[in-house]
Amino acid sequence: MSCTVRIPSPLRSYTAGAATIAADGGTVEEVLASLERRFSGIRFRMIDEQSRIRPHIRLYINTGEVTALSQPVVAGDIVHVICALSGG
Amino acid sequence: MTATLWIGTRKGAFRLRLDGRRRVCKLSGPQFLGHIVHHVVQDPREPKILLMAAKTGHLGPTVYRSSDRGRTWQEAGQPPAFRKAATGEEPRAVERVFWLTPGHPSERGTWYAGTSPAGLFRSEDGGDRWQPVAGFNDHPMRPKWVTFGTPDGQLVHSVSIDPRDAKHLYIAISIGGVFESTDGGADWAPLNEGCAADFLPDPNAPYGHDPHCVALHPAAPDRLYQQNHCGIYRLDRPGRRWVRIGRAMPQKTGDIGFPIVLHPSDPQTVWVLPMDGRTVWPRTSIDGKPAVYRTTDGGESWRRLDRGLPRSQAWMTVLRQAMCTDGRAQRVGLYFGTTGGEVWAGANGGESWRCIARHLPEIYSVTCA
């Protein structure tokens with residue numbers, strides 16, 4: 001299953017500057033694992049050691065917010081990684 | 001003798017190169033612009049190696065490693081992380097890596113990291129892969145030792161290793177107290193007797209204290225000094241009772257602050273930088289008149305050192321990792337960085353001060369490499 005992941009600028013140091021990446025996986029977890037295999041370290045910056053999405057990160061499949069990493073991803077989906085930050 | 005200062009800030013790391021007369025040769029950086037850099041530490045066993053504790057506001061925490069004195073950096077393959085929580089357990093996640101300490105000289109490649117929430121981690125491969133120190137992180141008393149934290153969370157810091165024994169460790173926790181292990185971190189015990197904790201219901205509690213900074217003297221490792229939320233202390237082992245040497249500070253100055261810095265070779269000489277701990281705890285230089293204080297007799301007496309520092313309206317805050325020496329045994333150079341982005345250099349043991357950098361972001365740490 002191939003989808004597109006939109007990478008926010010704070011994570012593009014892992015993707016050599018690429019803003020979109022094609023990734024495989026039938027769930028969000030599998031898509032993140034696919035990213036991690038290619039860009040070592042990127043998953044831990046988004047997902048903590050308890051497999052929770054970090055407090056200032058949001059994930060969307062197309063326009064729907066991801067609430068569990070087990071949510072399915074289908075071919076053609078766009079997974080958005082959003083950095084939600086406030087403060088100076 | 002030249003020196004390099006590594007300055008960790010809220011917005012990245014900077015390198016300040018100084019000549020033998022402590023004049024600034026070059027300020028370079030920022031490295032990792034936009035990253036919150038809590039600590040940059042050189043490995044005294046392999047001086048080309050540096051570790052940096054970093055995160056950004058939105059991304060998870062990590063550690064970067066340089067093997068060429070900070071020219072290039074590689075991210076840790078496995079940053080500090082708690083083990084997966086078992087069913088019913090509180091799930092813990094490292095929010096920030098706050099402190100880095102190189103391991104014992106006999107254990108090349110070993111490092112310790114202190115985190116928030118309170119956790120201790122160890123790497124045996126030069127900082128690439130980190131493992132939890134289960135003896136502390138899963139100690140059955142840990143939930144009682146660490147019940148609440150600072151406004152920046154619980155902080156494990158001041159990891160010290162006895163140079164005579166790699167298995168003899170000390171850590172400090174804000175808030176929790178000082179703890180000791182004599183078996184390489186497998187078990188821990190509180191070491192807070194004599195320290196005030198006037199914010200606790202029981203001021204004589206065995207733990208729950210707030211050590212701001214603890215340092216073991218490298219040349220006299222039975223001696224520890226502590227800048228605590230409630231005063232300045234000295235402990236001479238094998239004794240277990242801290243002595244409040246801050247009582248000898250001028251009463252109007254008090255003995256509250258964050259950093260405490262030891263002379264590289266003389267265990268009687270120590271520097272502190274008092275902050276205002278009155279009323280609502282402004283944590284600024286007292287009355288807007290910054291000064292460093294030095295003892296040369298183990299805390300029996302203190303001398304104010306403020307030549308060159310602003311005489312008024314200078315409301316500096318200096319955090320616990322933001323003051324260091326240059327490691328010289330004679331005519332020691334001192335440095336501190338402020339949350340207002342200034343770096344100050346004190347010549348000849350702090351006898352005179354001058355500002356050597358300004359307009360930097362909020363400074364969290366200053367270390368000499």
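**Before starting.** I noted that this is a predicted model.

**Chain A, elements.** I looked up the helices and strands first. Chain A has two helices and five strands. Reading from the N terminus, I wrote down their order as β-β-α-α-β-β-β. I then checked the radius of gyration of chain A, which is 12 Å. The globule rule also gives 12 Å for 88 residues, so chain A is as compact as a globular protein of that length.

Along the principal axes, the C-alpha atoms of chain A fill a box of roughly 40 × 30 × 25 Å. How much of chain A is buried? I found 30% of its 88 residues. I also looked at contacts in chain A with a separation of 6 or more, and 52% of them come from residues 24 or more positions apart.

**Where the chains touch.** How many residues of chain B are in contact with chain A? I got 14, and they meet 16 residues of chain A. I sorted the chain B side into seven nonpolar, five polar and two charged residues.

**Two strands in chain B.** Next I picked strand β8(B), residues 96-102, and found six of its seven residues buried. Its partner is β9(B), residues 111-116; the two run antiparallel and are joined by six bridges. In this pair, I found Pro102(B) opposite Trp111(B) of β9(B). A reminder to myself: in a regular strand, side chains alternate between the two faces of the sheet.

Methods:
Residues numbered from 1 in each chain as written. Chains lettered and ligands numbered in written order. Predicted model: local features only at pLDDT ≥ 70, side-chain atom pairs only at ≥ 80, totals over all residues. Contact = placed C-beta atoms within 7 Å. Nonpolar A, V, L, I, M, F, W, Y, C, P; charged D, E, K, R; others polar. Buried ≥ 20, exposed ≤ 12 C-beta atoms within 10 Å, placed from the backbone. Helix = DSSP H or I, 4+ residues; strand = E, 2+ residues; numbered from the N terminus. Pairing = 2+ DSSP bridges. Rg over C-alpha atoms; globule rule 2.2 N^0.38 Å.
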